[in-house]
Amino acid sequence: MDILNDSMLVLHLIGVGALLSGFFYQLKDMKTGMKVNAGIIHGAWLMLVTGFTMAGLIPAIGEENINNVVLGIKSVVITAIFFIAYAFNKKEVTPKWVVPGIAGLTVLNIVLAVFGPIVN
């Protein structure tokens, strides 16, 4: 189970990289309006699937002290990232807050992972 959990963590970090690189690629269009590109939508999808898989694997790897508050907040944040990215994926004109908001929520997810550990 540890190998499966570690491989999910690697894929989760690849998703974070894809999402943030999609944001940085669109940064040149900040004034005219950024679009949700393939990197953002695929990174969000990968983060969602691997994040919930890792959350489901917590009891299987023998951890007993789960911080449910942080796990719940991270679940809400990653779900919001995915649905915002999915909702504005095919739009011709996206509001200016969408892509920076997705990037901000991704950074919030990273901060919660570092400073609010899921397992005590």
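Which helix does Ala 80 lie in?

1. Helix 3, residues 68–87, is where you'll find Ala 80 (helices are DSSP runs of H or I, at least four residues, numbered from the N terminus). Before going on, bear in mind that this is a predicted model: local features need pLDDT of at least 70, side-chain atom pairs count only at pLDDT 80 or more, and totals for chains, interfaces and linings use all residues. Residues are numbered from 1 along each chain as its sequence is written, and side-chain values use heavy atoms, with hydrogens and water left out.

2. Ala 80 comes out as partly exposed because its relative accessibility is 27% (buried is under 20% relative accessible area, exposed over 50%, partly exposed in between, with a 1.4 Å probe and protein chains only).

3. Met 8 sits in helix 1, residues 2–26, and is buried, at 14% relative accessible area. Setting aside residues up to four places away in sequence, Met 8 touches Thr 50, Thr 53, Met 54 and Leu 57 (contact means heavy atoms within 4.5 Å). Its C-alpha is 19 Å from that of Ile 40, 32 residues apart along the chain.

4. The lining of the largest pocket splits into 16 nonpolar, 6 polar and 2 charged residues. For that count, Ala, Val, Leu, Ile, Met, Phe, Trp, Tyr, Cys and Pro are nonpolar, Asp, Glu, Lys and Arg charged, and the others, Gly among them, polar.

Conventions. Helix = DSSP H or I, 4+ residues; strand = E, 2+ residues; numbered from the N terminus.
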